[in-house]
Structure formats: C-alpha cells, structure tokens
Amino acid sequence: MKNLRFVMKVLLTMILTLSLTVPAFAEQGVKEDPELTEGLALPIEKFNILYGKPTSNLKEITSIDKNATLEIQNIQVNDNQVFLSAVVNYNNQNKTLEATGELYNSYKQEDSINSIVGDLKDKSGNFEIKLFDIYNDTAKDKMIVNNSLENMPHLKTYLNDHQGNIILFETPLPEDLENISVNNSEKIDTEKDFFWFNDVITPYEQKEIPTNDNIKSTLGLDSVFPTAVGYFSDWTHSTTYYKSFYVGNDYVQAYSLPYGSWKALDVKNQSTWTNSFKIAEHVTVNGTTNRSVDSPFKYRNVKLSTAVGAKSSIVTAFIDGRLAGINSGSSLAIKIAEKAWSTALPAAPSISEIRSWVNAIIDAGTSKTVTLGSSNIKLSTSPTVVESVNSGNNQLYKITDLNGSNTGHHLNLQTVVQYESTTGTSATANAILKIKWDVMYASALLDSNQKEITFQYSVSK
C-alpha cells in the first residue's frame with residue numbers, strides 16, 4: 001500500500017511538472033496550431049517576365065493560382081535577434097526553413113512607417129532569404145501575392161531556392177511579431193530591404209554614364225573645388241555607374257559615382273596631407289528621388305596611396321572613415337604597404353619614377369589591425385616615400401551626406417610629410433596620390449578602376 005501511494009505521488013508530480021512546462025515553452029513562440037499561408041512559387045525567369053519588364057501586367061501575377069504554403073511553427077525574438085522555423089511546401093515537396101539573424105529598422109521608418117527588416121540566413125541551407133519584412137502599419141504597402149493585406153500589418157517572406165525558383169509569402173502579421181522594436185543604430189544592407197530584387201530582376205538598362213555637370217548636380221556635387229596645392233581639392237571618376245529596373249509598376253533608377261577629396265601642402269619642416277575616397281549616389285522611383293534608399297552598388301578593395309618626392313619623407317600615417325559596420329574609433333583589419341626612404345633613391349625623382357614605386361606595392365600589403373582615426377598605421381618607425389592602405393573585403397556603399405558631412409561611408413588616408421635632407425636647401429618636388437577600387441553588384445565584380453593625381457609642391461627646412 002505504501003508503495004502504491006509512493007507511485008501515485010510520483011505520477012502526480014510528473015503530471016504537474018508537465019502542465020507547467022508545456023505552456024511556458026509555447027509562450028516562447030512554438031505554435032500549438034500552426035496556420036498555413038498560401039503563396040506563390042515561380043521560376044525566376046517567369047517572375048522577371050511577369051514583374052520585371054516594362055510590359056509587365058500586375059494582374060497577371062495576382063491572378064495565378066497559389067501553389068505554395070508556409071507553415072510557421074516557431075518564432076522567437078531576443079533583442080535584435082529573430083529565429084523563425086517553418087515548413088515550405090511547393091512543387092510537391094516539403095522543405096524546412098530555419099531562419100535566424102539580426103533585425104534592423106527599414107528605410108520606410110524615415111517615412112514614419114513602422115517596418116522592421118531582417119538580415120537572415122537559412123540554417124537548413126534550403127533557401128536564400130531575399131526579404132523578411134515585419135510591416136506593422138496600416139499605410140498602403142506594395143504587395144505581390146496578397147493585395148488584401150496592403151493596408152494591414154503583415155509579414156513578407158521572399159525566398160530563393162537553389163533550383164532557380166522564387167517563393168513569395170505575404171502573411172497577416174503573427175502575434176509574436178506585433179510588439180517588437182529594435183535599437184540597431186546601423187542601417188541594413190539595401191539588398192535586404194528596398195533592393196531585395198537585385199539578383200532576381202534583370203536590370204532593364206546597365207551602363208556607365210559620362211560624369212558631366214548635369215550628373216554632378218543630380219548627385220549633389222555642384223561645387224567641385226579646383227585642383228591646387230594648399231587647398232581641399234576634389235576629383236570625380238570619369239563615369240557614373242548606372243542601372244535601371246522595372247519592379248512591378250515602378251521604374252527604379254540607381255546611380256553611383258566614386259569621388260574624393262585631397263589636400264596637399266607645401267612642406268616647411270612638416271605638413272599633413274589628406275587622400276580620400278567617397279561615394280555619391282542617387283536612387284529614383286518613377287522619377288522621384290528617394291533619399292532614404294541606398295544604392296545597390298558596393299565598393300571593396302579601396303586602395304589609397306600617397307607618394308612623395310625630392311627631399312621628402314612620410315613619418316606618420318593614419319586612416320579614418322566609415323565602412324559597413326565600422327566607424328571611427330573601431331578596430332579594422334586592413335592591408336598596409338609602404339616603400340622605405342633611402343639615400344639610394346633618386347634625389348629628385350620624376351613622376352614616372354614615383355609612379356613605379358606606387359604601382360609596385362599598391363596591390364600588395366601586410367595585414368594589420370588598426371584603430372580608425374587614432375593609431376599610426378605605419379609598419380615601420382623609419383621614414384617612407386610611399387604609404388598605401390587597402391580596405392580589402394570591408395564594404396563601402398552608403399552615400400556621403402549631400403550637406404558635405406562625412407557620415408556616409410568613406411575612407412581617408414592622412415600622412416605627415418617632412419623635410420628629409422642634410423643639405424638644408426629647398427626644392428620643388430613631384431608627388432602622386434592614387435586611388436583604386438572594385439565596384440560590386442549582386443556580389444559580383446562589376447568594374448575595377450582607378451584615379452591618379454599628380455602635382456608639384458615646394459619643400460624646405
């Protein structure tokens with residue numbers, strides 16, 4: 001009898017424990033009765049015809065019978081992190097989706113629309129998540145699959161698979177996502193927000209446009225300062241990168257222009273020189289500028305090189321700027337290259353001789369972790385005649401503000417140039433500033449280019 005009472009007591013304890021545990025797990029986001037959302041699965045080529053051409057008719061894509069379902073099984077949000085588990089059914093197959101990543105405020109927030117987007121990866125490896133948009137607002141939104149949600153809170157989940165299909169779901173906003181907010185100060189990559197379609201919709205037009213005064217004005221570069229020693233001077237690339245798209249019934253145009261500022265001073269004992277790379281860009285939708293949206297062009301392997309001539313050397317070098325996820329004061333792994341000053345070098349090197357020094361090292365370099373804006377990046381304490389930096393895979397893409405402030409992505413190389421001679425006499429010296437870059441689109445190399453600035457300066461003790 002005692003044994004029976006003991007067994008009953010254990011069973012009651014287990015039942016009570018389970019009754020307390022199961023609801024607690026459900027509160028973390030597990031769906032006790034998951035709902036199915038209908039969506040659309042199409043070959044990307046067909047989607048382009050229906051949604052990415054000037055002749056596209058939106059009624060055609062909305063009239064297609066839904067042929068995919070999304071069953072959300074679990075949603076968990078922790079600060080700026082989100083996890084979503086779901087089953088996707090299309091083409092007579094079930095595939096798991098295990099989406100996890102970071103949440104950001106969408107560009108739509110700048111228009112007072114409550115939209116949060118995610119930079120998510122599918123841990124199951126089945127999908128690339130093109131767009132994860134938590135749209136908790138009643139302002140009219142652009143829909144593809146479910147027009148009944150255009151003035152209602154909803155979740156957009158747009159996926160690519162590895163068989164050339166796009167799968168589109170537009171779901172009434174799940175309760176687990178109704179009250180979230182993020183405190184992420186960084187802006188999400190535009191390819192995960194406005195330009196989610198960048199490698200789905202084929203550009204209508206892609207070219208390089210000559211950078212004339214009209215283009216400069218469009219990009220906010222009306223005032224370009226002349227090239228002169230002793231002043232801040234500007235350079236612009238000879239062409240502007242351009243792509244246009246038809247996205248539904250919208251005509252989207254994107255421009256991106258590499259440019260920079262430089263300043264070199266005559267050297268009297270010491271002076272500080274600046275060599276920089278910046279980006280001017282412009283996005284329009286149906287002819288109207290949208291300043292909330294970043295261009296889809298990205299820049300990598302940005303290289304800045306400063307080289308000095310007669311009776312001159314570089315004794316200190318710093319880099320500053322802002323790159324994707326990296327601000328002034330942050331640590332940055334970067335490549336540094338330099339050429340040592342030596343009495344064996346020509347006493348008064350020509351431009352062609354200095355150019356050969358730069359070209360020999362600008363694409364090489366030694367990896368070094370530096371602090372943007374504060375640490376001397378030189379590899380050696382000895383004086384040099386060339387200092388060169390390479391941003392590597394660190395990306396630059398966000399526009400530098402058109403009011404002139406450098407809150408956008410940019411990279412600056414500052415060098416302290418000093419008189420280097422035992423003669424005590426002055427000289428007129430040659431110098432070169434060189435800038436190189438790779439421009440990327442949809443993770444592929446679009447173009448590699450460069451800019452060289454040559455000038456003369458005076459140097460004295």
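The model is predicted, and local features are reported only where pLDDT is at least 70, side-chain atom pairs count only at pLDDT 80 or more, and totals for chains, interfaces and linings use all residues. Residues are numbered from 1 along each chain as its sequence is written, and side-chain values use heavy atoms, with hydrogens and water left out.

## Overall fold

The protein chain holds 5 helices and 23 strands, where helices (H or I, at least four residues) and strands (E, at least two) are DSSP runs numbered from the N terminus. Of its 461 residues, 51% count as buried, with buried meaning under 20% relative accessible area, exposed over 50% and partly exposed in between, for a 1.4 Å probe and protein chains only. Among the contacts with a separation of 6 or more, residues 24 or more positions apart account for 70%; contact means heavy atoms within 4.5 Å.

Eight strands form a closed barrel in the order β1-β2-β3-β4-β5-β6-β7-β8, with antiparallel pairing; two strands pair if DSSP finds at least two bridges between them. The twist averages 30° from one strand to the next, where axes are lines fitted to C-alpha atoms, for helices over the stretch in contact, and angles run from 0 to 180 degrees between N-to-C directions. Strand β1 (residues 36-43) and strand β8 (residues 165-172) run antiparallel and are joined by 4 bridges, and L42 stands opposite I166 in β8.

Helix α2 (residues 44-51) packs on the sheet, where the helix touches β1, β7 (154-160) and β8, and its direction makes about 95° with that of β1. The buried residues of α2 are I44, F47, N48, L50 and Y51, and these pack against β1, α3, β7, β8 and β11 (239-247).

K59 has its place in helix α3 and, at 65% relative accessibility, counts as exposed. K59 and I144 are 85 residues apart in sequence, while their C-alpha atoms are 9.8 Å apart in space.

## Salt bridges

Side chains of opposite charge can pair when their charged atoms come close. A search of the whole structure finds 16 salt bridges, each defined as a side-chain nitrogen of Lys or Arg within 4 Å of a carboxyl oxygen of Asp or Glu.

| Pair | N to O distance |
|---|---|
| K187 and D294 | 3.9 Å |
| K303 and D363 | 2.7 Å |
| E452 and R355 | 2.8 Å |

The salt bridge of K187 with D294 links distant parts of the chain, with K187 in the loop between β8 and β9 (205-210) and D294 in the loop between β15 (288-289) and β16 (298-307), 107 residues apart. K187 is partly exposed, with a relative accessible area of 22%, whereas D294 is buried, with a relative accessible area of 4%.

In the salt bridge of K303 with D363, K303 lies in strand β16 and D363 in the loop between α5 (351-361) and β19 (366-371), so the pair ties together parts that are 60 residues apart in sequence. K303 counts as buried at 12% relative accessibility, and D363 counts as partly exposed at 46%.

The side chains of E452 and R355 also meet in a salt bridge, which links E452 in strand β23 (residues 444-460) to R355 in helix α5, 97 residues apart. E452 counts as partly exposed at 29% relative accessibility, and R355 counts as partly exposed at 29%. Elsewhere, K108, D133, D141 and K156 are linked in a network of salt bridges.

## Pocket and cavities

Grid points are joined across faces, edges and corners, and a volume is the space filled by probe spheres set on the points.

About 640 Å³ of space lies in the largest pocket. Of the 29 residues that line this pocket, Y107, K108, D141, K142 and D250 are the closest to its centre. The elements that give two or more residues to its lining are α3 (58-62), β6 (128-135), β7 and β12 (250-263).

The residues that line the largest cavity are Y107, K187, I188, D189, T190, D193, F194, S292, V293 and D294.

Note on methods. 1 Å grid on protein atoms, 1.4 Å probe; cavity = no way out; pocket = protein on both sides within 12 Å on 5 of 7 lines; lining within 4 Å.
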